[in-house]
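Thank you for asking for a reading of this structure. The notes below are numbered so that each can be checked separately against the display.

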Protein chains: 2
Amino acid sequence: MPESSASSSDLLARRASVLAPTYRLFYEEPVHVVRAAGVWMYDAQGRRYLDAYNNVPVVGHCHPYVVEALTKQAAILNTHTRYLTDGPLELAERLLATVSPELTNVTFTCTGSEANDLAIRISKAATGGTGFIVTDFAYHGTTETIAGMSPATGIPLGPDVFTIAAPVGTADAARFGALVRECLDEMRARGVKPAGLLVDTLFSSDGVLTNPAGFLAPAVEAIQAAGGLFIADEVQPGFGRTGQGMWGFQRHGVVPDLITMGKPMGNGHPVAALVARREAIQEFASRVRYFNTFGGNTVACAVALAVLDVIEEEGLLANAYVVGAYLKAGLEKLQERYAAIKEVRGAGLFIGAQMDSRETTGRVVNGMRREGVLIGSAGRNVDTLKIRPPLTFSRNDADFLLAALERVLRQSA
Amino acid sequence: MPESSASSSDLLARRASVLAPTYRLFYEEPVHVVRAAGVWMYDAQGRRYLDAYNNVPVVGHCHPYVVEALTKQAAILNTHTRYLTDGPLELAERLLATVSPELTNVTFTCTGSEANDLAIRISKAATGGTGFIVTDFAYHGTTETIAGMSPATGIPLGPDVFTIAAPVGTADAARFGALVRECLDEMRARGVKPAGLLVDTLFSSDGVLTNPAGFLAPAVEAIQAAGGLFIADEVQPGFGRTGQGMWGFQRHGVVPDLITMGKPMGNGHPVAALVARREAIQEFASRVRYFNTFGGNTVACAVALAVLDVIEEEGLLANAYVVGAYLKAGLEKLQERYAAIKEVRGAGLFIGAQMDSRETTGRVVNGMRREGVLIGSAGRNVDTLKIRPPLTFSRNDADFLLAALERVLRQSA
């Protein structure tokens, strides 16, 4: 049956029948997507939607250069890291060239969850500790260990996982650092040895907390002074999203002990990685021969290299910076006219617009879908519009989004 | 730099420099692979190697039908399960058609490790228990939770993980069932509530334990009678490897509560899944909205569907059965002439040849590599040759392997 002939109600019935009841769809009226190109997704009726949500297709949906690299490598060799091949080495070298020289070694995984899970194992081995600090509406992934460090999932936290309040609004760097120190004191008072501070450097799930750049520095100093590792979760902030560098932590002038990366790394192909200081991974490596079957296979590496090429050749960091600022300014103008918008935050093409309520946020997200623009929501109170398009997003695309948002705000005001 | 111009020593130096010290290569003299097709891999000097090790490229390396499906879908749409798309539904329906009707719901992940990790979370929610039983040289994956259930990795087991002796040689079904019951008694004596029995249904890492078919039944009965779930880890046995069915558990006449699958599912593309009885996953689903970014994305599903097509259209189960039996008989003939071979076990194209020592095994594995045949080793004592080729392996390929093995045995005897 050709994709487009299936009706949404057929698909919904089949989903309920054969997929696990854990699955959820976006929007009151889910979108039946059949193709995508650049920043546009198309439904079965041929209607187009501006994709202002998906960070995974970072260089645009179905980018021909990336598809070609995938196709070419898949036809030649798809094998793992227990044979000698060039791909993983070239990719590791390219990734290391984007970070401080203290960071020296790469491990490939398939998903950000696997990379974060591995970071926890490495941190425990390196420090002899078990205590981790995360922010109170963080999301870091889906394995048992990492879901237990993801308060946003609503499930009970894992053992020795401590939370601190995310710096909602404009952060006070000294205060955030003090929170980490107080948490470390509490940890030690309970007899738990510190192992690490794990943060998404754009606090994506906490509501996109970006201001001021640099506010993370005292917190990082605190965890490192306590003998713990600073793990920068770059799964959402990474690969140029902020426009100010390849990685979110770079806005904060800090050097992580471990960096995890994933989602956009293969423009949709499952590839992820962990970058480590040698001294951070040494103890773990002395105990464990970590092998990830598909992690760093020749196809995944070819795809990730192509993504890096496109980010560079198309100047996507500069685009993220310029168009992100333009879009943010446009949202701030709307804020002046619509009281429903309380605050606009963001860095590059990751913007959070905090609304007056969860209800408004839900109405706007679904209203935008009807207007043909895909966005999402974030934050502990689910009150923040999450705008995070492919980095090829243009000023015209921003204008399209802003015009749609104004129509929706006018209707729902 | 073109792949083939890099020397092995250059590559080794670059690996040591940029990859994590956790990485290990196969063979005393690692193979620098540059391309592969069908059952053959080629090194930088153009030398070919018969691949009798890699189960991941189950329908043969770089199968054109699978590459075409990948290419076509990657150019049209690569998106996730929070939009409506046909791919995950078609794949779920195809997978469910291969198992008993009690198994009704599919969850997609990217790796077998993620599927096994999810199975543990589901089992805990379903049973309210925390105790798991695994065999004493099992391997189930790389997340913190699952590495803690993989004694083969040599790291300390996780909390509430209990081991039983794997049934090396020819299993006694009643005895193996009694082992599980005794282990459950010990678990309860320590105040641990049973949650599940997790086994690779071909006991791949334990040394390829296949005889007699059916020996698992009393063990499965024991865990289910105790209120725990039986989790069939089909990551290695699955997708027709045994030649007697799509799944290893089918040789044992049992019905799992949860099935995990991975490695060969995408012929090298990262795609994996968990298949569940509805009543087993219900409680977990009431608590957790599991979402896996790349799991079940449209490209992964297109690739996995193509793999299922090829398995069916090329009659690979029948081939695995016939060629596997032929290869096993050839190995048994060699066993009559070479005392170094102690026992030949196997099902379809997964064969374990137990040798007289770890040293012989190492010599043979490296000798075969020099003869141009890739195999590996398994078992608690690393004394078993692991032979697990793509399912397109022919009688001629088997003859090639047997002739090489005889040369190696003659030299090392």
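Predicted model: local features only at pLDDT ≥ 70, side-chain atom pairs only at ≥ 80, totals over all residues.

1. The domain bounds used here come from an automatic or database domain assignment. On that basis chain A is divided into domain 1, covering 3-59 + 315-412, and domain 2, covering 64-313.

2. How far apart are the centres of domain 1 of chain A and domain 2 of chain A? Taken over C-alpha atoms, the two centres are separated by 26 Å. The domains touch through 26 residues of domain 1 of chain A and 29 residues of domain 2 of chain A. On the domain 1 side, the elements that give two or more residues are α10 (316-337), β11 (341-347), β12 (350-355) and β15 (384-387) of chain A, and the largest share, 5 residues, comes from α10(A). That side of the contact divides into 14 nonpolar, 8 polar and 4 charged residues.

3. Turning to the two chains, their contact takes 77 residues from chain A and 77 residues from chain B. On the side of chain B that touches chain A, two or more residues are given by each of α1 (8-18), β1 (33-37), α2 (64-76), α3 (87-96), β4 (103-109), α4 (112-127), α5 (144-147) and α8 (278-287) of chain B. The largest share of this side is that of α2(B), with 6 residues. By residue class, the side of chain B that touches chain A holds 41 nonpolar, 21 polar and 15 charged residues.

4. Within chain B, a helix pair deserves a separate look. The helix α3(B) and helix α9 (residues 298-313) of chain B pack at an angle of about 35 degrees, their axes being 8 Å apart, and the crossing of α3(B) and α9(B) is left-handed. From α3(B) the residues G87(B), P88(B), E90(B), L91(B) and R94(B) take part, and they meet T298(B), C301(B), A302(B), A304(B), L305(B) and L308(B) in α9(B). The residues of this contact divide into 7 nonpolar, 2 polar and 2 charged.

5. Chain B also has an open sheet in which 4 strands follow the order β11-β12-β15-β14, with antiparallel pairing. Because β11 (341-347) and β14 (376-378) of chain B stand at the edges with a single partner strand each, one side of each is left without a neighbour in the sheet. From one strand to the next, the twist averages 30 degrees.

6. Inside that sheet, strand β12 (residues 350-355) and strand β15 (residues 384-387) of chain B run antiparallel and are joined by 4 bridges, and Q354(B) stands opposite T384(B) in β15(B). Helix α10 (residues 316-337) of chain B packs on the sheet by touching β11 and β12 of chain B, and its direction makes about 170 degrees with that of β11(B). Helix α11 (residues 358-370) of chain B also packs on the sheet, touching β12, β14 and β15 of chain B, and its direction makes about 35 degrees with that of β15(B).

Notes
Residues numbered from 1 in each chain as written. Chains lettered and ligands numbered in written order. Contact = placed C-beta atoms within 7 Å. Nonpolar A, V, L, I, M, F, W, Y, C, P; charged D, E, K, R; others polar. Axes fitted to C-alpha atoms, helices over the stretch in contact; angles between N-to-C directions. Left-handed = near helix turned anticlockwise from the far one by under 90°. Pairing = 2+ DSSP bridges.
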